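Please go through the notes below with the model open beside you.

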Amino acid sequence: MVSVEGSAASRDGTRGEPGDDAGLGLVLSGGGAFGAAHVGVLQVLAERGIRPGIAVGASSGALVAAAYAAGFSVEAIDRAARAFRWRHIARWTGAARWGLLDTVATREVVHRIFGVDPLIEDLPRVFGAYATNLRTREGVILDRGPLSTALRSTIAVPGLLPPVRHQGMLLADGGMVDNVPVAAARALGAQRVIVVRLHAKWENVRMMRTVTRTAALAADESVLLIQPEMQKHAQWTMRDVPHLIAEGRRAAEAALRKVPLPWS
C-alpha cells in the first residue's frame, strides 16, 4: 500500500505483458455505469498497439483497470461489461451495517474468476485501486494485498456500500478525494499517463476545482486526456452500456488524432 502523499513506490521492472510500456500509466476515473466507457478506450488503445504497464482506477474505473492489469483480453472485458449487473458486486442481506448493500459478492466473484483471491502484486501488470481513508480523509493506493479487498474498498460509496477495515484504516470510494488519481499512477512509476475522465457538459462553476484541474491535465505534455461525454447516459443502470462503450471509442479516437507519437 502506498500513500499518495508519500514517496513513489519502487518497482523492479520485471512485471508486465510482452509489448507493454512499463513507464506508461492508465488512469480510469469512477462514475458508476459510466465506467463502461473505459472499455471502448481500451479497444482503441489495443488497436493502436498502446499497452500501458501500469493501471490505476477509482471506483468503477478500478474494476476495469483491475481486469486490464490481470491480463484479460479487451474482448473478454467487453463481454464482462455487457453482462455486468450490480448484483455481481453487491447485494442486500438485511444485516445492520454502514450501508444498504454488502460487497461480499465482490469477493465471491473474484474467487470465481481466478479460483483464488489473487494478490495485487502477483498480477501481470502493476495495479492500484484508489480509495479514501475515512479516518484521515486522505487518498491511499492499494497496490498490494488481496485484490478483492482493494476492489471492495474503492467501490464503497458511503451510505450505499459499507467501508472496508484494512490495516487500521477505514476505506471507502476513492472518488471522494480524487476521482482522477493521476498522482497515484505517478507514485507507481508512470512517467506518461493516459487519463480517462468521465466528463459531463453540465459541469459548471460549482465544480470549478475539477474544471481547473482538468485544464491543467490537458496542458501537461506527459498526459493524454480522454474525455468521453456522459451527458444523456444513465449512470446507475446498465441499459446504456453499448452506447457508453461506443462513446469511449469515439473519445479515444478523437484524442489520439490530436497528439503525436509516442501516444499513437
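1. At what angle do α1 and α3 pack, and how far apart are their axes? The angle is about 165 degrees and the axes lie 10 Å apart; axes are lines fitted to C-alpha atoms, for helices over the stretch in contact, and angles run from 0 to 180 degrees between N-to-C directions. That makes α1 roughly antiparallel to α3 (under 35 degrees counts as roughly parallel, over 145 as roughly antiparallel, 65 to 115 as roughly perpendicular and the rest as oblique). The crossing of this pair is left-handed, a term used if the near helix is turned anticlockwise from the far one by less than a right angle, with right-handed used if clockwise. From α1, Val-39, Leu-42, Gln-43 and Ala-46 make the contact, and from α3, Val-74, Ile-77, Asp-78 and Ala-81; contact means heavy atoms within 4.5 Å. By class, the residues of this contact are six nonpolar, one polar and one charged (nonpolar: Ala, Val, Leu, Ile, Met, Phe, Trp, Tyr, Cys and Pro; charged: Asp, Glu, Lys and Arg; polar: the others, Gly among them).

2. On the basis of the notes: this is a predicted model, in which local features need pLDDT of at least 70 and side-chain atom pairs count only at pLDDT 80 or more, while totals for chains, interfaces and linings use all residues. Residues are numbered from 1 along each chain as its sequence is written, and side-chain values use heavy atoms, with hydrogens and water left out.

3. Overall, the protein has eight helices and nine strands; helices (H or I, at least four residues) and strands (E, at least two) are DSSP runs, numbered from the N terminus. Of its 264 residues, 53% are buried (under 20% relative accessible area; exposed is over 50%, partly exposed in between, with a 1.4 Å probe and protein chains only). Among contacts with a separation of 6 or more, 76% are between residues 24 or more positions apart.

4. Helix α8 covers residues 241-257 and spans 25 Å from first C-alpha to last, close to the expected 24 Å, which is 1.5 Å times one less than the number of residues. Its buried residues include Val-241, Leu-244, Ile-245 and Gly-248. Among the elements covering them are α1 (37-47), α3 (74-83) and β9 (223-226).

5. The α3 and α8 helices pack at about 140 degrees, with axes 9 Å apart, and their crossing is right-handed. Here Asp-78, Ala-81 and Arg-82 of α3 meet Val-241, Pro-242 and Ile-245 of α8. This contact has four nonpolar, no polar and two charged residues. Asp-78 and Ala-81 also belong to the contact of α3 with α1.

6. Val-44 sits in α1 and counts as buried because its relative accessibility is 1%. Leaving aside residues up to four places away in sequence, Val-44 touches Arg-249, Ala-252, Glu-253 and Leu-256. Its C-alpha is 6.8 Å from that of Glu-253, 209 residues away along the chain.

7. How many of the 10 residues of α2 (60-69) are buried? Nine are, among them Ser-60, Gly-61, Val-64 and Tyr-68. Their cover includes β3 (52-58), β4 (126-133) and α5 (147-154). Gly-71, which follows α2, has a positive phi near 90 degrees.

8. Gly-139 lies in strand β5 (residues 138-142). With a relative accessible area of 1%, Gly-139 is buried.
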